[in-house]
Amino acid sequence: MPEPAIEHARPTCTAQPALEADWQAELRQAYRDPQSLLRDLGIDESAIDGLTPPKHGFAMRVPRGFARRMRYGDARDPLLLQVLPRQLEHNSVPGFGNDPLMESQFQPQPGLIHKYHGRALLITTAACGVHCRYCFRRSFPYNEAREGADGWQKAVQALAADSTIEEAILSGGDPLSLSDDKLTRLIDALEDIPHVRRLRIHSRQPIVLPERITGTLLARLRDSRLRVVLVVHSNHAQELDAAVASACDQLRSAGLTLLNQAVMLANVNDDAEAQARLSERLFEIGVLPYYLHQLDPVAGAAHFAVADDRARGIMRELNARLPGYLVPRLVREVPGEQGKLPMNWGL
Ligand SMILES: *Cc1c(COP(=O)(O)O)cnc(C)c1O
Ligand code: SF4
């Protein structure tokens, strides 16, 4: 398949696993205002329709390594569009609200979301390596859910008290924003619960900050008695450079199963070509496509929505050009259902 066009420097990939200090330093240097990001990309502010002033609401955050994968001088770059705050976010659109999944109703304990059979989701942290403008948790009441730095302890107790739960899912925010030390303690606690067999981690860090995959983290996951599944989050083949490929390689060598979930996003990946290239590139780096989400109707993200009919048409085209194992499941989350609802795109 064609290589994604990247016209300026790529991060070089090192064979050695990264150290914790590396990613924490990288994160501190992330872009936090649109002006400096646009300047480094050689894009004139006037080329962007309605930039939001910095520090307004959900702040901008973009790791430099991720920005280096954006096309120089291209105001319509699919990576840039995912992270650039826009005035459009302040439009109120009917049907787009603050708790679109009604998750506040499914918390037996703050920080634990138990909606689906056998699986429970731990909200481990509010922090993320990147702030995606379409994020459905952009208005989640994290402070209530967490209750302080180690607020997940009560959530772990609630999980231990329900023997129907076989799979613990670490979510957030991004669970890989936690230090190796905190993650290790959390995994220790989960391993102590006899009915938990699987550990699933949902993270965008291997994509936006591949330095996060440290030797310490790899060793801890390799040694776990739990079967570990890592669901990464990539929306576009251009996100998947050599450094990401190397991180995925190391994760697979540690015995993890790697899956991807993406979100269907207007002007980012809402065509069959972009989706096919994403699936093919994921497979090249050892990741299978899992879910393709129709956008959750969260306030501020309406400009990313893709109509259902269009999404179904893209799936039919994908199905015609890819092997079945590279076709993700198009799903929508509907409050009150027993799982994510597959959207039927066939006859
Ligand atoms: C998505 C999700 C899961 C996992 O669902 P799968 O279909 O197994 O991937 C579990 N709990 C919650 C609350 C979720 O949103
Ligand atoms: S990394 Fe995930 S949780 Fe964090 S802002 Fe992006 S979509 Fe939201």
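1. Basis of the values. The model is predicted, with local features requiring pLDDT of at least 70, side-chain atom pairs counted only at pLDDT 80 or more, and totals for chains, interfaces and linings taken over all residues. Residues are numbered from 1 along each chain as its sequence is written, chains are lettered from A and ligands numbered from 1 in the order in which they are written, and side-chain values use heavy atoms, with hydrogens and water left out.

2. Nine strands form an open sheet in the order 1-2-3-4-5-6-7-8-9, and their pairing is mixed. Strand 1 (112–116) and strand 9 (341–342) are the edge strands, each with a single partner strand, so one side of each has no neighbour in the sheet. Strands here are DSSP runs of E with at least two residues, numbered from the N terminus, and two of them pair if DSSP finds at least two bridges between them.

3. Strands 6 and 7. Strand 6 (residues 257–263) runs parallel to strand 7 (residues 288–293), and the two pair over 5 bridges. Within this pairing, Gln261 stands opposite Tyr291 in strand 7.

4. Tyr291. This residue of strand 7 counts as buried because its relative accessibility is 11%, where buried means under 20% relative accessible area, exposed over 50%, and partly exposed in between (1.4 Å probe, protein chains only). Leaving aside neighbours within four places in sequence, Tyr291 is in contact (heavy atoms within 4.5 Å) with Asn260, Gln261, Ala262, Pro328, Arg329, Val331 and Lys340. The side chains of Tyr291 and Tyr290 also form a polar contact of 3.4 Å; such a contact is a pair of N or O atoms within 3.5 Å, and within protein one must be able to donate a hydrogen and the other to accept it, residues adjacent in sequence counting only if both atoms are side-chain atoms.

5. An unreviewed UniProt entry carries the annotation "modified residue: N6-(pyridoxal phosphate)lysine" at Lys340; UniProt positions are given in the numbering used here, feature names are shortened, and annotations may be inferred rather than shown by experiment. Lys340 lies in the loop between strand 8 (329–332) and strand 9, and it counts as partly exposed because its relative accessibility is 25%. Beyond its neighbours within four places in sequence, its contacts are Tyr116, Tyr291, His293, Val331, Arg332 and Glu333.

6. Glu333. The loop between strand 8 and strand 9 also holds Glu333, which is buried, with a relative accessible area of 12%. Its side chain makes a polar contact of 3.2 Å with that of Tyr116 and another, also of 3.2 Å, with that of Lys340.

7. Ligand 1. The residues around ligand 1 (those with a heavy atom within 4 Å of it) are Ile113, Lys115, Tyr116, Arg119, Leu121, Ile169, Arg200, Tyr290, Tyr291, Glu333 and Lys340. An oxygen atom of the ligand is 2.7 Å from a side-chain N or O atom of Arg119; the corresponding distance is 2.9 Å for Lys340 and 3.1 Å for Glu333.

8. Ligand 2. Around ligand 2 stand Cys128, Val130, Cys132, Cys135, Gly173, Arg204 and His233. By class, this shell has 4 nonpolar, 2 polar and 1 charged residues, where Ala, Val, Leu, Ile, Met, Phe, Trp, Tyr, Cys and Pro count as nonpolar, Asp, Glu, Lys and Arg as charged, and the others, Gly among them, as polar.

Conventions. Helix = DSSP H or I, 4+ residues; strand = E, 2+ residues; numbered from the N terminus.
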